[in-house]
Amino acid sequence: MIKLESVHIEEMRGIRKLDTDFHKLTFAICGPNGSGKSGVIDAIEFGLTGQIGRLMGAGTKGLTIGEHAPHVDMVKFPDAALVRLGLYLTDIKQSATLTRKVKAPSKPTIEPATEDVLRILSEVAEHPEITLSRREILRFILVEPSARAEEIQSILKLDQIGQTRSTLGSANNKIQTAYRNAEAASTTAKEALQRHAQITSLRADELLEAVNKRRQTLQLEALDTLTPDTQLDSGLDAEKRLNGANKKTSLKDLESLLLETQTPDELAAAEASKAVSIIEQLQSNPALFAALQRLSFLERGLELADTPQCPLCDSSFDSVEALAAHLRAKLEKSKDAQRAQRTLSESGAAVGRAAVKLATLVNTALASCDAQGELALIPSFNIWRDDLESFRASLSSVDGIVAACTRLSQGWPSIPPTFHAELKAVTAKIHAKPDQTALFEAQTFLTIAQERLTAYREAMRRQKVAKAAADAAKVSYDTYCAVTDEELNNLYDEVQEDFSRFYRIVNGDDEGGFTAKLTPTEGKLGFDVNFYDRGLFPPAAYHSEGHQDGMGVCLYLALMKRLFGERFTFALLDDVVMSVDVDHRHAFCKLLKTEFPDTQFVITTHDRLWAEQMKAAGLVQGKSLLFFHSWSVDTGPMVESNTEIWDEIEGALEKGKVEVASAALRRHLEYVSRGLANDLAAPIPFRADGNYELGDLLPNVLGKFKKLLGEAANAAQSWGNAAQHQAVLARRDEFAVRMAATKVEEWAVNKAVHFNAWANFGKKDFQPVVAAYKELLESFRCKGCDTWLHITPRNNPEVLRCVCGAVSLTLRTKAK
Amino acid sequence: MATLQQKIADSFLTKLARAPEVHSEMLTELKELVLSGKKPKVEDFVRVFNLPAGGEIK
């Protein structure tokens, strides 16, 4: 997507002002702890994403970009804190500038603000995972499988996939419940029609036979077929359509209600017992109960979350995604509570359907009593029916089901105590009434039959619609789950393959047969690695911390490759291999060079040796290596460089701070001497701790350079190249004069004193020292290309030269 | 939208297009829900699955 061309940082974190050219190359920033290296990473990350990872996550409560991104002296002036990035957009092969201020982190200024540029930079802003620190490595390696799944799913932006899956699942459950309810309502309507028609099965011929018998009594034309448009009471005029007063039907309705209350619904009873059992378990496990009560709360919060503010407590998160991930993590933690919730909901729905059926029967009986003029039971029937409907409504939530525990265990129908006696009395009264005339019976039969047929047809229609929705919802959910599982399994297979290969590149010397296994299960990601062919174990079981660090980086690289593919062109690695030893770091350089040749890495390290190793391995070049030698609140990072150092020293001398100037000169000479010692293959006495001081380096560098110039003069003479010979002699003489001016050989007598003694100089005494060393160093540089002279080839030098070739002194004499 | 999400969404919709239970109006609405980049809600899916074939009467 992007590469970094340049960075300009002002008043950000520990940096006052810093300008650096990155040249779209892999870049290393080296410096001791607290020198500002991570500040550069923070600034780049902020520039690209508007976030700073170090101010987020565990242990950062109370830290915000507004308060803690600006330099500590500029907190009240957030407008002064800004980052300007020069970027190269690889997709469109175009450069752009992005300026982001702390005052407005979500509103960067982009030039040119074309559609393509804005789209690409907007995409980059959605990927804070471009920054990897050691803290993040631990997220992949040393965490529980469920947490690892979340971390990797978060980095791969899979959480939205999980969210869609969960939402589809909830929708499917709702629709399946609605279908079952429609099915139950259809059965109830069918039974009501059957009961009225006094037929054993709802077959058209049986119903027509019963209907036509009454139609004949009324001298109405018989119905031949039963179609969707058939009206059973067709031919009856409005006067003769009499409601509800059919004695036989009324008796059947009351009998049906009596039977229902005397013969318990076994299925509903079993579900009620199941619910009670779950509730009792919850009540004996307060932690689980609390988790269950929070579930609905969290699910609701997740539904409502559409801004970075939590809808439940108003806490601010850095993004909507961060809030959603936080809520989902809490939900994930209670799988047991989710299982309990699912069982309770299913049992509650089953009991609810039985309650609906009973309430419908009560309603029908109510209508019959009313039609028969038996009004005494009506008030108690109404109360009971309302109670059943209210009970059914309460079963639609887990809290409602829990609150109904006592009723569920003691007989949820809650039949009024006098119900059976009263119902039998009313039934007897209706029995005792004179039989209705055949005409009256026929009229009421047809009227009620048509009503119940209409109700049944409507219930059937709703059931059909609900079934279509249920079938569509199920197939959609099942398909989404299958597709997601397949893609995730493929993803993890690929990541596991790349990860294993990367790790073998880094650790091929002792773990050439290394393999790893990523095992996704529901909500978890198991991660096991091969330990010397003894089997697969978690990384922390047997591998060292250094190896685990290496695993973290390799897994990160495998994930980034999977996420971005060829568009993985930029990443920030903040001191991520600190525990990896020297040999493996060299292999790490090889990994980055060979597997990610088109990716620009910005790597920080506190280890100078590692920085030089990166340069020696060709991962970084001289111009893509930045050394910070120290830091102060007032100055920010102090950069080691050949051009700015003289301004820094001059500035210190202007202020009369000789000790500061002398310290800067010493550091710079050490910095340059290290490079020259390498470039000229100067013989430096070995130190096991690698802490070479100026006295170890500079005298030997000077000696080697003098020797090389001698060799060059001899070589020129052997080849009969008089002009070259004279030029080399002049260079050698000039070098000797400059060396003498620095008096370095005098001071070498007492190494422990001579450089420190500079701090005791006055300004007028020290200025000539500065000028002398500045001039001395010019002997080692090409005036044209401004690079340091070096020998080549290293093992058997033939030439002393610069990069551009303007200085090229033959060292090999002509064979005699 | 990230590549993997896009891949899953495309595969999901392709398979659903072959499912007789999902009619064209549902499919059109589902495409809108999963490809918009916005977070679909439960009610959105419930509404889509309850769409009648032939579309709603306007």
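This note goes through salt bridges in a predicted model.

1. Overall count. Over all chains, the search of the whole structure finds 36 salt bridges. A few of them are taken up below.

2. A:Arg13 and A:Asp42. These two residues form a salt bridge, with the closest N and O atoms 2.9 Å apart. The pair links distant parts of the chain, 29 residues apart. A:Arg13 sits in the loop between β1 (2-12) and β2 (15-21) of chain A. A:Asp42 belongs to helix α1 (residues 37-49) of chain A. Both A:Arg13 and A:Asp42 are buried.

3. A:Arg452 and A:Asp253. Their side chains meet in a salt bridge at 2.6 Å, N to O.

4. A:Arg385 and A:Asp386. A salt bridge joins this pair, and the closest N and O atoms are 3.0 Å apart. Is A:Arg385 buried or exposed? A:Arg385 counts as buried because its relative accessibility is 16%, and the cut-off for buried is under 20%. A:Asp386 has a relative accessible area of 39%, so A:Asp386 is partly exposed.

5. A network. Salt bridges also link A:Asp498, A:Arg501, A:Lys561 and A:Glu595 in a network. Two acidic residues, A:Asp498 and A:Glu595, are among its members.

How values were computed:
Residues are numbered from 1 along each chain as its sequence is written. Chains are lettered from A and ligands numbered from 1 in the order in which they are written. This is a predicted model: local features need pLDDT of at least 70, side-chain atom pairs count only at pLDDT 80 or more; totals for chains, interfaces and linings use all residues. Side-chain values use heavy atoms; hydrogens and water are left out. A salt bridge is a side-chain nitrogen of Lys or Arg within 4 Å of a carboxyl oxygen of Asp or Glu. Helices (H or I, at least four residues) and strands (E, at least two) are DSSP runs, numbered from the N terminus. Buried means under 20% relative accessible area, exposed over 50%, partly exposed in between (1.4 Å probe, protein chains only).
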